[in-house]
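Here's a quick guided look at one protein chain. Keep the picture open beside you while you read.

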Amino acid sequence: MNILFVNGSPRGRFSVTLQSCLYLEKRFPRHSFQYLNAGAGIDAFERDMAPAASAFQAAELVIFACPVYAFLVPSQLHRFLELLKEHAVPLGGKYAATLLTSKHFFDVTARRFLEENLHDMGMRVIRGLSADMEDLLTEQGRRELEDFFEYAVYCAENAVFEKAPPAPAAAPAVYAGRLEACRKQDGFDVVIVADLREGDEGLRALIRDFGAVFPYGTRFVNLADFPFRGGCLGCLSCATGGKCVYRDGFDVFLREKIQRADAIVYAFTLRDHSMGSRFKLYDDRQFCNGHRTVAEGKPFAYLVNGSLAGEDNLRCVLEARASVGHSFLAGFASDAESLRAVSMRLAFALERGYTPPRDFYGVGGMKIFRDLVWLMRGMMREDHRFYREHGLYDFPQRRWPRMLGLSLLGALLRSRRLRRVIGGRMNEGMLAPYKKVLEKTDRRIKP
Ligand SMILES: Cc1cc2nc3c(=O)[nH]c(=O)nc-3n(C[C@H](O)[C@H](O)[C@H](O)COP(=O)(O)O)c2cc1C
C-alpha cells in the first residue's frame, strides 16, 4: 500500500514523532512510504502547493504524524490544513489516520481537531494513535505502534472508517449588531487581543460592541499587525531562561502588553473548527512561558465571530485553557445577548477578584505538568522555580494524620463485627469535619 506520512512537526527531521514513522517503514517493508514535510516546510507550501497535491494523489493511506502543541496541533500544520482547503486539494475518499506524540496533555482535543478537518475534506478517517513521546523507547510502545499501523492498513483495505460528524446546519452566523455605548469607569486594564484582518467586518463589529457595553475602557492588540518571524520551532531554547530564539520581540510584547492586563478578551473569527492558524501561532509562541500559569486569577472572555454550535471540541479547548490557567472564563460572546452577559460576568470577576477552583480539566492537566516539570527540572529551571514557589509540587502527599486515620479505619473495617458497628456511623464520621466548619461559621452581615 502507498503510505504518505505528513510530518506536521516544526522540528522536521529532528521530530520525535517522525521516529515512529521511520520505525514503521523499517518494520513493514512490503509497503511503500513517502514523506511530506508539512510542518518545517510550511513556507515552501505557502508559495507552492503542487508538490503536496501530487504526493496526496499517489497515497492510498495518509498518516498525519505530529506533536500536540497547546491543546491542538502546531500552527504550521494548522496552516497546512488551511492551505489544503484553500487550494481545494482533492482528498475526498482517501483514507487518513492521525499519529500523535505528546505528554497526553489534551492529546484528545488535538486529535479531534485534526479529524474534524480531515472529515471536512471528505477523507475517510481511521481512528489514530496517541502515544507518549517516549513510547517508542519501550517494547510495549513499539508493539502498540505496530498494532496501530496494522489496524490502519486493515481498515483502509476493508473500507472501514469513522462516520463523519453531521455538517453544521447553516453557515456560521456573522455578527451584525449595533449596541449603544454605556458610561465608562476607570480602574482596570482590559486588553482585547484579536486576529482582525481586512474585510472581517463581523469581528470588527463584535469588538466595537463589546467595547460599547463593557463598563470599563479597553485596549486593543491586533495580532495581524505583529511582525511574527514564524511559528514556535519546538527548539526548547526558552526552557532555561524564558527567551525565544526568534528576535521579533514577541516574548517582551506578550509579557508587557498582554499578560500585565487585569483581564484578557480574545476575539477571532471561527474558521476550520478553531481560531485560525495565526491565532494558533500566537498560542504556540506562548511556550516561552513554559508550563507556568502566569495569567492565574486573570479573567478571560472570548468574542467569537461565528457560531460555536457543533464546535464542542473548540469549546472544550477554550474552557480547559481557562481551567488549567486557574482563571475565570466569562464566556463566549457572538451576539448581542451574549455580549451583554459576557461583559457583565467579566466586570463581576474583575470587581470581586472572582476565580473559581480548577475543574477536572485543570486539576488533571496540572498533574501532568507537575510530573513533567519535576522530571525535567534540571532543564526547565524557570518552570521548576515557579512550581516550587507556587506550591505546585503537591507530592508526595504528607498528610500523615489523615492517612493514619484512614489506615486505622481500614484495619477496623476488616472485622465483620466492627464493620456492622462502624458502617452505620460512616456518614456521620465523614461529615464531622464539615460540621465543625459550619458550627464555627458566623452569619454573614450583608455589606
Ligand atoms: C510549543 C509546544 C507546545 C506543546 N504542547 C503540548 C501539549 O499541549 N500537550 C502535550 O502533551 N505536549 C505538548 N508539547 C510536547 C510535544 O507534544 C512533544 O514533545 C512531542 O513529542 C514533540 O514531537 P516532535 O518532536 O515530533 O515535534 C508541546 C511542545 C511544544 C514545543
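The notes below go from the overall layout to a few individual residues.

## Before we start

What you see is a predicted model, in which local features need pLDDT of at least 70, side-chain atom pairs count only at pLDDT 80 or more, and totals for chains, interfaces and linings use all residues. Residues are numbered from 1 along each chain as its sequence is written.

## The overall picture

The C-alpha atoms of the chain fill a box of roughly 75 × 70 × 45 Å, taken along the principal axes. Inside it you can look for 17 helices and 10 strands. Both kinds of element are DSSP runs numbered from the N terminus: helices are H or I with at least four residues, strands are E with at least two.

Of the 447 residues in the chain, 39% are buried. A residue is called buried if 20 or more other C-beta atoms lie within 10 Å of its own, exposed if 12 or fewer, and partly exposed in between, with C-beta atoms placed from the backbone. As for who touches whom, 82% of the contacts with a separation of 6 or more are between residues 24 or more positions apart. Here a contact means that the C-beta atoms of two residues, placed from the backbone, lie within 7 Å.

## Three domains

The chain is split into domain 1 (2–157), domain 2 (185–360) and domain 3 (400–440). Those bounds come from an automatic or database domain assignment. Domain 1 and domain 2 have C-alpha centres 29 Å apart, and their contact takes 22 residues from domain 1 and 17 residues from domain 2.

Which helices each supply at least two residues of the side of domain 1 that touches domain 2? They include α4 (75–86) and α5. Helix α4 gives the most, with seven residues. By class, this side of domain 1 has 10 nonpolar, six polar and six charged residues. The classes work like this: Ala, Val, Leu, Ile, Met, Phe, Trp, Tyr, Cys and Pro count as nonpolar, Asp, Glu, Lys and Arg as charged, and the others, Gly among them, as polar.

## Two helix pairs

Let's start with α4 and helix α10 (residues 277–285), whose axes come within 8 Å and cross at roughly 175 degrees. An axis is a line fitted to C-alpha atoms, for helices over the stretch in contact, and angles run from 0 to 180 degrees between N-to-C directions. The two helices are therefore roughly antiparallel to each other. That label is for angles over 145 degrees, while under 35 counts as roughly parallel, 65 to 115 as roughly perpendicular and the rest as oblique. Ser-75, His-78, Arg-79 and Glu-82 in α4 meet Ser-277, Lys-280, Leu-281 and Asp-284 in α10. Sorted by class, the residues of this contact are one nonpolar, three polar and four charged.

Now find helix α5 (residues 107–120) and helix α11 (residues 312–324): their axes come within 10 Å and cross at roughly 150 degrees. That makes α5 roughly antiparallel to α11. On one side of the contact are Thr-109, Arg-112, Phe-113 and Glu-116 of α5, and on the other are Asn-313, Cys-316 and Val-317 of α11. These residues divide into three nonpolar, two polar and two charged.

Most residues other than glycine have a negative phi, and most peptide bonds are trans. With that in mind, check Phe-71, which has a positive phi of about 75 degrees although it is not a glycine. Phe-71 sits in the loop between β3 (61–67) and α4. Is Phe-71 buried or exposed? It is buried, because 25 other C-beta atoms lie within 10 Å.

His-326, also not a glycine, has a positive phi of about 55 degrees. You'll find His-326 in the loop between α11 and β10 (329–333). With 18 other C-beta atoms within 10 Å, His-326 is partly exposed.

Then there's the peptide bond from Phe-395 to Pro-396, which is cis, with omega near -15 degrees. Phe-395 is in the loop between α14 (381–389) and α15 (400–413), and Pro-396 is placed in the loop between α14 and α15 too. Phe-395 counts as exposed because it has 9 C-beta neighbours inside 10 Å.

Glu-180 lies in the loop between α6 (139–157) and β6 (185–194). With 7 C-beta neighbours inside 10 Å, Glu-180 counts as exposed. Glu-180 and Asp-209 are 29 residues apart along the chain, and their C-alpha atoms are separated by 7.8 Å.
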